[in-house]
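Q: Please give a close account of one part of this model, the contact between its chains, and then relate that part to selected features within the chains.

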Amino acid sequence: MIKSGTFKSLLRRHKNVLHFCQLSSAAQPQSDPKSHSFRTDENDPLKHTLDHVGQYYRVPQNECKVYLYGGLPKSYEIQTKTFNETCLMVRKPSVDIINCLKGLDYTKPAVRFVLFGKKGSGKSLTMAHVLHYAQKAGFLLVHVPWLGNWMRNPKELSSSETREGFYDLNLDAAAWLVHFKSQNEHLLSAPELKTTREHVWSKRESTPKDSSLLELIDHGINRLKYASECVLALAEELKQLTKAGNCKTLVAIDGFNAFFYPKTRVFKEKKEVVPPNKITLTEAFLSLTKFDWNNAAIVVTVDEIAIAEEDHKSHFPRYLLGKEGFEHLDPFVPVFVDAYSPKELTSCMDYYRERKWVRYFPQQDEELASLSAYNPYKLMKLCISL
Amino acid sequence: MAAIKLFSNNLKIIKGSVPTLSLIIQKNGMSQYPSYYIQPVYKKEVQEELAKTGEAQKLTHMPTRAALNNQTCSHTQDDLVNLFTNYVMKDGLKPLARGLIEQAFENIKRIQLEKYHKCQDPEIKAQIELDPRAIFHKAVENCKPIMNLTPIKRGGVRYQVPVPITPKRSQFMSMKWLIAASKEKDKNVRFHYQLALELIDAANNKGRVVKRKQDLHKQCEANRAYAHYRWS
């Protein structure tokens, strides 16, 4: 059963995004002319260096809604609404990745970056920063905001028509296609992005060779039944086009280890669990994270929260990915996202105070630092009632 | 200074005749501490003050109770908020009660900040109170009644007689009303959200709880003719 309401809301978002650029964003508070140490005026992620580490920069509201849609954790999104602006802290892992992306040789096979760290240390926000950079640097973004939504909270399940024993998450796939389209609106209209072969969906429906990618995506969105197939076809096309040098691609997947965790919450009719390797979407994104293509970069996070709670035992990639997943990603560049440094914590508290979120009392920073153990999420939680 | 007063009382007990066992038991109730144990001084400022005046020297060798686990020297600690948490608590589920209060404070902050950012006029903007604790204290203060009605039977008829109440009773009633008002809500509104709304309203001297207080005062005023039943 397709829930028409959900799909309608999807389309509505699609429409909104299309017209978003014309909408003027709400009145933004102007930043103080004098420079604060916790805030940088350098709002362009292309120019961020290690000197900016620990400082906040502002993401324009319209960019945030389009490019970081779903990329910010929900609790952070509520904060941005309260603070009336979206600010991200420049941190070392993201600057490191950005520096790497700047210096990469794109004729070589794609490099995989794996972000890992304890719960609440800021992996997703690091990725959001990288994503913002990639968007500015003209990458085509293939961004899965949170894989847990598919593996642990799927909208609907249907068995695949073309593949024996496989299952489709068509509603989620269509939602992702809408997201992909809105993120890359400006790039997809380029004339070079054309399908390299004909895609046949059924007896009567097919997408001919040399039609634009937009047509392919629109077909997936309009014909929900073929959304998962369309994602597969899109992944294949993107690989071909990127290899041919028509575009630069950044694949960003949050909670990547969910692809290798057998106990999903995707259930068949008799409450039988569908493992991730029997879901068509998995295939598309696993093929995108292989290193058999160039002109691309891949950033994934491995996160404990993407798997069931009883298995939150370690935050290291080898445990979270398992043998199979580790071998799939190997060789990769591990990027450890650590807790706040004392400087970052002070800057975070300064930011909260400037936004009038917390009131100052003597030795506030020291007390909260020891209570939160410098963990960004815990710090945020501790500050909610101050 | 309560601690010093208690200390001198205790000193009297020790220096004077040895208290009889029955006295200790009577005074002590269920406590594991004998009655001559003094309350701990856990706030840094109070400790410093005691050290300055030299009282600390006297307290050094007094038998002292251990501090409770919610008595810390942190600036986030607030006696009135702790008391309120205990009033909210049911079945001894303190972490739950504490969480509700914290969430209520979070909601207060979010609601007030939204007002703050919406406001264009800088003068009004500066007046918006953003501190949830200040709002809480103001709300409790604004809801305190000064009189209460108590039923007294005279000649087979129960009269609602206005009586003055102690500050402690008045504070308790204020907090009780705030909690009761927050529980009276739509099914799909959370308690902590409603509590936040009630606190903000009460701090601005509006809302249901303040009205309840005023209604009680009015009733007391109307029943003033019965006041003499308190004595006769």
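A: The account below begins with the interface and then turns to features inside each chain.

This is a predicted model, in which local features need pLDDT of at least 70, side-chain atom pairs count only at pLDDT 80 or more, and totals for chains, interfaces and linings use all residues. Residues are numbered from 1 along each chain as its sequence is written, chains are lettered from A and ligands numbered from 1 in the order in which they are written, and side-chain values use heavy atoms, without hydrogens or water.

Chain A contributes 18 residues to the contact and chain B contributes 16 residues (contact: heavy atoms within 4.5 Å). About 1,600 Å² is buried between chain A and chain B, with 58% of that area coming from carbon and sulfur atoms (buried area: accessible area, 1.4 Å probe, lost when two parts are put together, summed over both). Between chain A and chain B there is one salt bridge (a Lys or Arg side-chain nitrogen within 4 Å of an Asp or Glu carboxyl oxygen). It pairs the side chains of A:Arg359 and B:Asp131 at 3.6 Å, N to O. On the side of chain A that touches chain B, helix α3 (residues 74-83) of chain A supplies the largest share, four residues (helices, H or I of at least four residues, and strands, E of at least two, are DSSP runs numbered from the N terminus). That side of chain A comprises nine nonpolar, five polar and four charged residues (nonpolar: Ala, Val, Leu, Ile, Met, Phe, Trp, Tyr, Cys, Pro; charged: Asp, Glu, Lys, Arg; polar: the others, Gly among them).

Salt bridges also occur within chain A. Over all chains the count is 30, and one of them joins the side chains of A:Arg163 and A:Glu229 at 3.8 Å, N to O. A:Glu229 belongs to helix α10 of chain A and A:Arg163 to the loop between β5 (158-159) and β6 (167-168) of chain A, so this pair ties together parts 66 residues apart in sequence.

Helix α10 (residues 227-243) of chain A also packs against helix α11 (residues 280-288) of chain A, at an angle of about 10 degrees and with axes 8 Å apart (axes: lines fitted to C-alpha atoms over the stretch in contact; angles: 0 to 180 degrees between N-to-C directions). The two helices are therefore roughly parallel (under 35 degrees; over 145 is roughly antiparallel, 65 to 115 roughly perpendicular, the rest oblique). Among the residues that meet are A:Glu229, A:Val231 and A:Leu232 in α10(A) and A:Leu281, A:Ala284 and A:Phe285 in α11(A). By class, this contact has seven nonpolar, three polar and three charged residues.

In the loop between α11 and β10 (296-301) of chain A lies A:Asn295, whose phi is positive, near 65 degrees. A cis peptide bond, with omega about 0 degrees, joins A:Asp330 to A:Pro331; A:Pro331 is in the loop between α12 (317-329) and β11 (333-336) of chain A.

In chain B, the axes of helix α6 (residues 94-118) and helix α8 (residues 132-142) come within 9 Å and cross at roughly 105 degrees, which makes α6(B) roughly perpendicular to α8(B). B:Phe105, B:Ile108, B:Lys109 and B:Gln112 of α6(B) make this contact with B:Pro132, B:Arg133, B:Ile135 and B:Phe136 of α8(B), giving five nonpolar, one polar and two charged residues.
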